[in-house]
Amino acid sequence: MRIVIAGGHGKIALRLERLLAGRGDEPVGLIRRPEHEPDIRAAGARAVLCDLEKASAEEAAAHLAGADAVVFAAGAGPNSGAARKDTVDRGASVLLADAAERAGVRRFVQISSMGAGKPPEPGGDEVWAAYITAKTEAENDLRGRDLDWTILRPGALTDVPGTALVTLSDPPLPPGQVPRDDVAAVIAALLDTAAGHHRTLELIGGDTPIEAAVRALNS
């Protein structure tokens, strides 16, 4: 499969690119900085320059032509302000979904966050509130589209080695952590099945092997 990954230089995206390349797929990472291209190539993917904060839907659609699936793994990052939470975590996802529709790519996996889907708690951090609001609005936009979408809400992300053991289900799950390794592996498994189509799924560490957790979505 040819799989285009927005936010191609992100921590989850690079892990996903390695997994996909290792199993014989053709990952393509969309990046906005040319200096990130060597890392993309080292992960076994092809790098494409496309700044989703500036590109048009037509420009983005040209990069999706011939793809089998799209993964939205972009994010404004921990040091960005509230404005970029909106332009990246919401706006870039909406633009990529527009581009997928134009390019005829039906499969769309969106990485969201646990906590999305409900208003942020009052009195909390302004940037966190903007992030959760942006993720919620991106989810709502995607649900309204005629795409084979899956929304994946990981818990608190860590960089410890993956265990390949998770809890994956419809919301709500209790708060928990999950290694980025395991998030990438779950996305790779979801791309191989229709079980996650039109589902919002939450993901934390657990005791179920990833392949079994994904297969269980069929039951």
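1. Start with helix α5. Its buried residues are covered by elements that include β4 (69-72), α4 (82-103), β5 (107-111), β6 (114-117) and β7 (148-154). Bear in mind that this is a predicted model.

2. Which residues of α5 are buried? They are Ala130, Tyr131, Ile132, Ala134, Lys135, Thr136, Ala138, Glu139 and Leu142.

3. Now the span of the helix. α5 has 18 residues. From its first C-alpha to its last it reaches 26 Å. That is close to the 26 Å expected at 1.5 Å a residue.

4. Next, the aromatic rings. The structure holds 1 aromatic pair. Its partners are Trp128 and Tyr131, 5.3 Å apart centre to centre. Their planes make an angle of 35°, and the pair is tilted. The label follows because planes under 30 degrees apart count as stacked and those over 60 as edge-to-face, with the rest tilted.

5. Where do the two partners sit in the chain? Both Trp128 and Tyr131 belong to helix α5 (residues 126-143). They are 3 residues apart there, so about one helical turn separates them.

6. Are the two partners buried or exposed? Trp128 has 47% relative accessibility, so it counts as partly exposed. Tyr131 has 17%, so it counts as buried. The cut-off for buried is under 20%.

7. Some backbone points deserve a check. Most residues other than glycine have a negative phi, and most peptide bonds are trans. Two residues and one peptide bond are taken up below.

8. Ala164 is not a glycine, yet its phi is positive, at about 65°. Find Ala164 in the loop between β8 (156-158) and β9. Its relative accessible area is 37%, so Ala164 is partly exposed.

9. His198 also has a positive phi, about 55°, although it is not a glycine. This residue lies in the loop between α6 (180-190) and β11 (199-205). With 46% relative accessibility, His198 counts as partly exposed.

10. Which two residues does a cis peptide bond join? They are Pro171 and Pro172, and omega is about 5°. Pro172 is in the loop between β9 (165-169) and β10 (177-179).

How values were computed:
Residues numbered from 1 in each chain as written. Predicted model: local features only at pLDDT ≥ 70, side-chain atom pairs only at ≥ 80, totals over all residues. Heavy atoms only, no water. Phe/Tyr/Trp six-rings, centres within 6.5 Å; stacked < 30°, edge-to-face > 60°. Helix = DSSP H or I, 4+ residues; strand = E, 2+ residues; numbered from the N terminus. Buried < 20%, exposed > 50% of the residue type's maximum accessible area, 1.4 Å probe, protein only. Expected span 1.5 Å × (residues − 1). Contact = heavy atoms within 4.5 Å.
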